[in-house]
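Subject: Structure for you to look at

Hello,

Here is the structure I promised to pass on. Please open it next to this email and follow along.

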Amino acid sequence: MEKQLKNTGSSGRKIIVIAVTALNAIDSPGPGVAVIRAIRECHDYEVRIIGLSYESLEPGLYMHDIVDKTYQIPYPSSGTDTLMARIMHIHEIEHIDLIIPNFDAELFNFIKLKDKLRDLGIRTFLPELAQFEARDKIKLYEFGKKHGLTMPRDIIIHQAKDLAEAAERIGYPMVVKGKFYDAIIANTLEHAQKAFYKIQAKWGLPIIVQEFINGTEINIAALGDGEGNAISIIPMRKLYITDKGKAWAGITLDDSSFIMLARKFVKVTNWRGGCELEIMQTADGKPYIMEVNPRFPAWIYLTAAAGQNQPAALVKMALGEKVEPFTDYEVGKIFIRYAWDLITDIREFQKISGTGEL
Amino acid sequence: MRLKKNIATSEEGFIFNPATGDSFSTNDIGADIISLLKEEKPNQVIIDTICTKYDVDQNQFEKDLDDYFCQLKEYTILE
């Protein structure tokens with residue numbers, strides 16, 4: 001019976017087994033739960049969702065209507081061999097059809113393993129390593145210059161003493177950024193030095209010193225087919241921002257300049273998979289690309305709610321279906337995130353902590 | 001004066017700019033003005049209509065209307 005459940009659904013159709021990471025639906029959330037919610041809303045297929053977790057207290061693990069079964073996987077720093085061994089073990093049990101990784105830090109490993117996974121029959125829908133690396137924070141300005149995309153000027157530095165020269169070239173205020181995360185706006189050299197050491201201690205070197213752009217923060221969720229076509233583009237303005245800079249509420253926008261910008265990005269990179277462009281629109285309407293996140297954002301369910309279900313479209317493309325680009329979406333669609341105390345039992349926590357499965 | 005394309009309004013005086021995501025509430029007179037702008041009525045028609053419907057001094061209203069237009073322009077609601 002168990003075997004039958006894994007293979008066919010109630011409609012007699014094959015169940016697609018999809019493994020999803022980033023189930024940390026916390027105040028600075030990973031996109032996993034939103035990705036699964038969108039996938040489950042599409043009735044063109046039946047799915048069994050396998051959660052891949054790093055921590056025992058990622059809320060998604062305990063949402064049994066969202067995730068059917070969870071396995072812990074090793075941290076990205078353990079390397080590709082350890083990850084591959086764990087995936088092979090899970091695959092023997094679950095017969096995974098598709099993996100959707102959603103954390104920046106794990107993408108490198110999954111991209112490296114793409115071919116090996118394909119040999120096992122596990123599909124992915126990820127950018128090529130070159131695409132992934134080209135949009136890296138450290139290379140973003142050069143990337144923009146090459147493709148005619150507007151990015152803020154930046155200087156990469158490895159020593160705090162280089163801050164003064166960077167400030168002379170960029171001016172104040174300037175933004176001191178970590179290579180993975182964190183950004184501090186500095187108005188003086190002393191402030192910049194403090195920011196440098198704080199970020200270095202947390203994220204290491206190099207440090208990015210970036211031109212400060214004042215404006216309205218817009219985020220764009222885009223899905224590329226890997227051949228230069230944008231299958232879906234949804235721009236969203238944050239209506240409520242947490243102290244960590246995350247959107248707690250947002251609204252879909254109707255502005256063709258954002259659509260054109262995202263379409264150009266997908267075209268010049270031949271982007272495959274989901275991505276998020278973080279835009280700062282200045283008072284004179286100029287959109288600067290501040291960052292490119294190489295995966296779906298945590299607010300991705302809004303794309304499904306607005307009529308362009310990006311995670312579902314990714315699943316179809318990963319399975320080899322041809323997906324036509326979406327043309328319409330609902331403008332003025334709002335998401336408001338909320339906190340909910342999920343109650344579970346010590347036995348569940350014990351199970352995931354002790355066996356690495358739930 | 002013309003409302004920007006796609007500006008959504010309601011009879012209750014709610015204005016939504018889909019390009020920026022901004023939304024605003026206005027009072028009854030403001031809602032009537034927006035409604036007349038949507039119908040592309042010229043300024044003089046707006047002035048006559050409002051001054052007939054409400055007990056307002058025309059000179060004062062013309063001045064207030066200019067201020068209102070300035071606000072709408074600032075919020076990119078007017079072209």
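The expected span of a helix is 1.5 Å times one less than its number of residues. Keep that rule in mind for the first stop. Note also that this is a predicted model.

Start in chain B. Helix H3 (residues 58-74) of chain B has 17 residues. From its first C-alpha to its last, H3(B) reaches 24 Å, close to the 24 Å expected. Now look just past the end of the helix. There, B:Thr76 takes a positive phi of about 55°.

Next, the place where the chains meet. On chain B, 7 residues are in contact with 8 residues of chain A. The side of chain B that touches chain A has 4 nonpolar and 3 polar residues, and no charged ones.

Now move to chain A and its helices. Two packed helices are described by the angle between their axes and the distance between the axes. Take helix H7 (residues 163-170) and helix H8 (residues 189-203) of chain A. Their axes come within 10 Å and cross at roughly 120°. Are they perpendicular or oblique? Angles of 65 to 115 degrees count as roughly perpendicular and those over 145 as roughly antiparallel. H7(A) and H8(A) are therefore oblique to each other. The crossing is right-handed. H7(A) brings A:Leu163, A:Ala164 and A:Ala167 to the contact. H8(A) brings A:Leu189, A:Ala192, A:Gln193 and A:Phe196. By class, that makes 6 nonpolar residues, 1 polar and no charged.

Then the strands. Strands of a sheet pair through backbone hydrogen bonds, either parallel or antiparallel. One open sheet in chain A has 4 strands, in the order E5-E8-E6-E7, and its pairing is antiparallel. Which strands are at the edges? They are E5 (154-157) and E7 (183-186) of chain A, each pairing on one side only. On average, neighbouring strands of this sheet are turned by 25° against each other, direction ignored. Strand E6 (residues 174-177) of chain A is joined to E7(A) by 4 bridges. In one of these pairings, A:Val175 has A:Ile185 of E7(A) as its bridge partner.

Last, a hairpin. Strands E12 (residues 272-281) and E13 (residues 287-293) of chain A run antiparallel, joined by 6 bridges. Across the pair, A:Glu278 stands opposite A:Glu291 in E13(A). There are 5 residues between the two strands. In that turn, A:Gly285 has a positive phi of about 90°.

Best wishes

Technical notes:
Residues numbered from 1 in each chain as written. Chains lettered and ligands numbered in written order. Predicted model: local features only at pLDDT ≥ 70, side-chain atom pairs only at ≥ 80, totals over all residues. Pairing = 2+ DSSP bridges. Axes fitted to C-alpha atoms, helices over the stretch in contact; angles between N-to-C directions. Parallel < 35°, antiparallel > 145°, perpendicular 65-115°, else oblique. Left-handed = near helix turned anticlockwise from the far one by under 90°. Contact = placed C-beta atoms within 7 Å. Nonpolar A, V, L, I, M, F, W, Y, C, P; charged D, E, K, R; others polar.
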